[in-house]
Amino acid sequence: MNLKALEEIFINHPELLESSANENNVPEQTIFGIAEFAYKNSYEKLSDKQQYHFNNCIRHLIEDVQCSGYNHEYEEEPRECPATLDDDDLVEYYQNDGKYCESCEGQASSDSHSKESFFCE
């Protein structure tokens with residue numbers, strides 16, 4: 001569980017918490033309060049009821065986050081990636097509005113290099 005990633009979400013991407021709260025029919029302010037308390041104090045200090053909401057609305061944002069998958073700009077069908085992002089990469093993932101796993105990052109870099117080479121010729 002990456003509480004630094006939760007802090008990044010709370011400060012710079014509150015829409016993710018809002019969306020999760022709405023999907024789970026929980027008041028947004030409840031989820032914001034739990035998120036802020038958790039990243040400042042730890043998960044263990046949450047009450048049982050707060051932990052329940054945390055587990056349903058927040059945990060999936062900071063634990064076992066799946067790669068969004070890389071899609072070439074000319075592909076019509078999005079490709080799903082089965083990879084899970086490393087816990088250590090989650091802050092960077094949210095800071096960069098989504099990062100790829102190592103495999104998808106390699107494909108993105110390769111496509112970028114190919115495109116650059118094509119336009120240079």
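Trainee: Is His-53 buried or exposed?

Mentor: This is a predicted model, in which local features need pLDDT of at least 70 and side-chain atom pairs count only at pLDDT 80 or more, while totals for chains, interfaces and linings use all residues. Residues are numbered from 1 along each chain as its sequence is written, and side-chain values use heavy atoms, with hydrogens and water left out. Buried means under 20% relative accessible area, exposed over 50%, and partly exposed in between (1.4 Å probe, protein chains only). His-53 has a relative accessible area of 15%, so His-53 is buried.

Trainee: Which residues does His-53 touch, not counting residues up to four places away in sequence?

Mentor: Contact means heavy atoms within 4.5 Å, and His-53 touches Val-26, Thr-30, Ile-31, Ile-34 and Ile-58 on that count. His-53 itself is in helix α4 (residues 48-57), where helices are DSSP runs (H or I, at least four residues) numbered from the N terminus.

Trainee: Which residues in α2 are buried, and where do they lie around the axis?

Mentor: In α2, Leu-17, Ser-20 and Ala-21 are buried. Seen down the axis of α2, these buried residues fall within an arc of 100° (taken from the directions from the helix axis to the C-beta atoms), so they line one face of the helix. They pack against α1 (3-12), α3, α4 and α5 (59-62).

Trainee: Which residues in α2 meet α3?

Mentor: Pro-14, Leu-17, Glu-18, Ala-21 and Asn-22 in α2 meet Glu-28, Ile-31, Phe-32 and Ala-35 in α3.

How values were computed: Helices (H or I, at least four residues) and strands (E, at least two) are DSSP runs, numbered from the N terminus.
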